[in-house]
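Reader: Please walk me through this model. I will keep asking what lies behind each label.

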Amino acid sequence: MNATAVIASEFTRVVKFFWQELKPRGKWLTPFNVISIPVIVVGLIILYFRFVYGLGSVTNLSQEFPWGLWIGFDVVTGVAFAGGSYVITFVVYVMRIEKYHSIVRVTVLNGLLAYIFYAGALVLDLGRPWHIINPIIGNSFGYNSVLFLVSWHFLLYMIAMAVEFSPVVAEWAQLERVRKFLSGLTLAAVIFGITLSILHQSGLGALFLMAKPKIHPLWYSEFIPILFFVSSVYAGLSMIIFEGTISHRVFRNLIGGHDHHRYEEIVLGLAKGAAITMFVYYFFQALIFIHEERWQLITDFWGYWYLVEVLGFVLVPCFMFAYAVRNRSLGLVKVASVMALLGIILNRLNVSVIAFRWYAVNKYYPSWEEIVVTLMVVFTEIWVFRWIVTRMPVFSKA
Amino acid sequence: MDRRLFLKTAATAGAALPIRNTVAASTKETREFVGVLVDTTRCIGCRSCEVACSVANGNFVPDVNSDNALEKIRDTSDKQWTVVNRFKTGKGDVFVKRQCMHCWQPACVAACLVNAMYKTREGPVTWNGDKCMGCRFCMVSCPFDIPKAEYHSWNPRIMKCSMCYERLQAGKKPACVDACPTDTLMFGSKRELMEVARHRVYSHPDKYVHQIYGEHEAGGSGWLYLSSVAFDQIGFRTDLGTTPYPEYTKQFLVSVPLILFGVPALLLGLSELADRKNEVHEDKDKGWTTPGADQ
Amino acid sequence: MEFYTYVNIFETKGLEYLLLLSFLALFILLVRYLSAPKGKRRVPEGKPPRTTN
């Protein structure tokens with residue numbers, strides 16, 4: 001009886017606590033809010049039309065281009081950007097390199113939110129989203145589909161990342177015993193999460209294996225899954241650097257008192273990892289280039305475009321990373337990370353949209369509605385991210 | 001358990017196994033896939049098949065007499081599952097009917113994560129709206145670009161020829177075959193159709209190009225085409241290869257369980273190897289390193 | 001139309017191995033470049049890092 005009373009009082013405490021935390025904090029009229037709130041409102045109106053009148057009412061999708069910006073950017077690129085989460089948990093929990101422990105929480109949070117919002121954007125693109133439970137509840141398992149695998153892995157990986165992040169939530173809600181229990185699950189979740197990541201990062205590439213006659217031969221190869229996996233490593237590392245730069249500026253009061261030298265060491269370490277991965281990735285591309293005798297294809301527009309991607313946005317940022325590490329230049333690391341991220345966007349969009357049906361007369365261009373909804377997804381994610389980091393112990397507790 | 005009884009059971013089970021297997025093998029072969037042979041040299045472009053298809057399947061019925069649709073090359077759409085196109089070639093006008101090829105190993109079926117696209121035992125590839133989630137991966141995967149989505153509906157369907165599966169089950173032929181006035185379309189099992197097609201090519205070697213489109217393309221399909229001119233001149237892709245499209249994802253899908261078995265064990269092992277809990281003491285004794293200094 | 005001709009799927013193997021050797025050589029250079037002698041890399045004590053935010 002005493003126990004129930006304790007639970008009841010604890011419960012009311014937690015409810016009151018949540019209610020307090022839900023209230024907004026800080027100034028309202030920040031530049032970010034001024035831009036993002038109208039975008040989110042317009043995005044919601046667009047989504048109303050999308051769900052009432054169909055995809056065709058707001059998107060430029062066609063019978064020739066069944067997948068557009070919402071898949072090519074939100075899902076395929078967004079998931080690659082979220083790769084940092086599995087790379088960092090590998091380094092910290094499997095390799096046990098403590099140097100990067102202080103960025104684990106924020107990276108996992110970023111990864112979790114990226115999956116919820118970007119993989120969640122998949123639902124907006126589905127024609128019949130209410131059937132999304134079909135491959136999960138088991139009345140129709142399409143084992144033979146790569147997408148079946150990818151969707152299951154999205155789901156399981158989100159759970160794994162939620163488990164990895166849950167100790168922070170428990171700490172915030174001041175549930176010490178729950179936190180201890182959840183902390184005990186971390187290594188298992190990490191190992192499971194890395195395995196799932198290897199498979200679905202490459203699986204996103206494998207989605208395009210059957211589109212062989214439709215993707216320009218410079219971007220199609222049987223090794224797309226491997227290329228997608230390797231590039232997700234440096235995409236994730238670059239995203240951590242990029243995101244860390246912004247966080248350090250915006251949430252300075254939360255991170256405050258941080259040892260700058262240590263932060264610098266972390267960034268340079270990540271840059272080193274990115275440089276090596278990009279170097280390997282570049283040679284994978286070169287190997288495939290030779291294996292498929294692609295030199296015949298290099299002399300037209302698509303050949304130049306391919307060189308822009310592989311030389312300009314892989315090899316160049318790779319050398320920039322290396323030079324920056326050697327000369328301890330954080331500024332150059334940031335430039336290199338932005339270029340590497342642009343290279344990832346370029347690569348993923350080339351495979352899924354730009355070089356997809358390169359021969360088509362009516363090419364696909366995203367409509368303004370598609371762009372607004374994409375921005376809405378990004379902005380909403382930032383809102384949630386900001387809400388969490390200003391309340392939960394994400395940055396502190398190094 | 002009694003030892004003798006055990007041996008007896010084992011022997012019976014062992015004896016039963018091969019019998020079951022041969023039974024399975026023989027039943028497998030009795031159900032052959034069906035298809036349609038399209039002899040484009042016979043087609044006059046009357047488009048009766050378009051009308052019959054749309055009537056049978058409740059789609060948009062074109063006004064064949066006055067819509068001048070043959071003036072331009074059309075694709076099948078979410079409103080019409082089959083269209084006839086006119087190609088101006090060196091051997092005059094050639095009319096070609098276009099619809100789902102009903103592949104032997106369809107890419108759309110391998111792509112579908114909910115089994116909404118389904119290869120029936122009789123051969124037609126059908127679509128089930130109760131399962132489909134509208135991801136359009138089938139459209140991305142199909143080498144012939146056949147599945148079409150209804151973009152302007154809140155509840156879009158994936159539209160494609162079903163080879164009139166319901167009519168086949170009732171013992172009838174596909175609607176287009178029944179409607180064809182010139183015997184351009186011939187319905188039957190692929191084995192029979194291949195024999196007929198080869199016979200026509202051999203008996204008129206100058207009339208036909210010596211290729212039966214659909215025999216090997218993308219692993220072979222239920223619909224077969226004969227032509228008097230090269231197939232790339234009448235709207236067919238000749239660069240699709242002969243590999244069944246699901247084969248392209250086979251390597252990846254086979255490696256999935258391997259990675260799911262192997263990698264967690266590998267990671268756990270790595271994690272144990274990298275564990276420095278016990279190292280700290282040793283280093284302290286030796287007195288020349290502190291944990292983490294080497295990073 | 002079928003053509004019965006010889007196809008060598010390993011035509012580029014020699015080039016691939018050459019690429020591999022050059023990769024290994026360059027990779028060693030890159031790694032050595034990235035982990036240059038510590039004396040050169042260290043920022044002098046007390047001097048603030050070049051870029052901060």
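**Helices, burial and the contact**

Author: Chain A has 16 helices and zero strands. Chain C comes to two helices and zero strands. This is a predicted model, where local features need pLDDT of at least 70, side-chain atom pairs count only at pLDDT 80 or more, and totals for chains, interfaces and linings use all residues. Residues are numbered from 1 along each chain as its sequence is written, chains are lettered from A and ligands numbered from 1 in the order in which they are written, and side-chain values use heavy atoms, with hydrogens and water left out.

Reader: Why is Ser221(A) called buried?

Author: Buried means under 20% relative accessible area, exposed over 50%, partly exposed in between (1.4 Å probe, protein chains only). Ser221(A) has 1% relative accessibility, so it counts as buried. By that rule, 58% of the 398 residues of chain A are buried. For chain C, buried residues make up 17% of 53.

Reader: Where does Ser221(A) lie, and what does it touch?

Author: Ser221(A) lies in the loop between helix H10 (186-206) and H11 of chain A. It touches Leu209(A), Ile288(A), Glu292(A) and Arg294(A), leaving aside residues up to four places away in sequence. Contact means heavy atoms within 4.5 Å. The Ser221(A) side chain also reaches the backbone nitrogen of Phe223(A) at 3.0 Å. A polar contact is a pair of N or O atoms within 3.5 Å; within protein, one must be able to donate a hydrogen and the other to accept it, and residues adjacent in sequence count only if both atoms are side-chain atoms.

Reader: How many residues form the contact of chain A and chain C?

Author: Chain A gives 30 residues and chain C gives 25 residues. The two chains bury about 2,600 Å² between them, 65% of it on carbon and sulfur atoms. Buried area is the accessible area (1.4 Å probe) that two parts lose on being put together, summed over both.

Reader: How many salt bridges and polar contacts cross that interface?

Author: The rule finds zero salt bridges between chain A and chain C. A salt bridge needs a side-chain nitrogen of Lys or Arg within 4 Å of a carboxyl oxygen of Asp or Glu. Two residue pairs are in polar contact across the interface, both at pLDDT 80 or more.

Technical notes:
Helix = DSSP H or I, 4+ residues; strand = E, 2+ residues; numbered from the N terminus.
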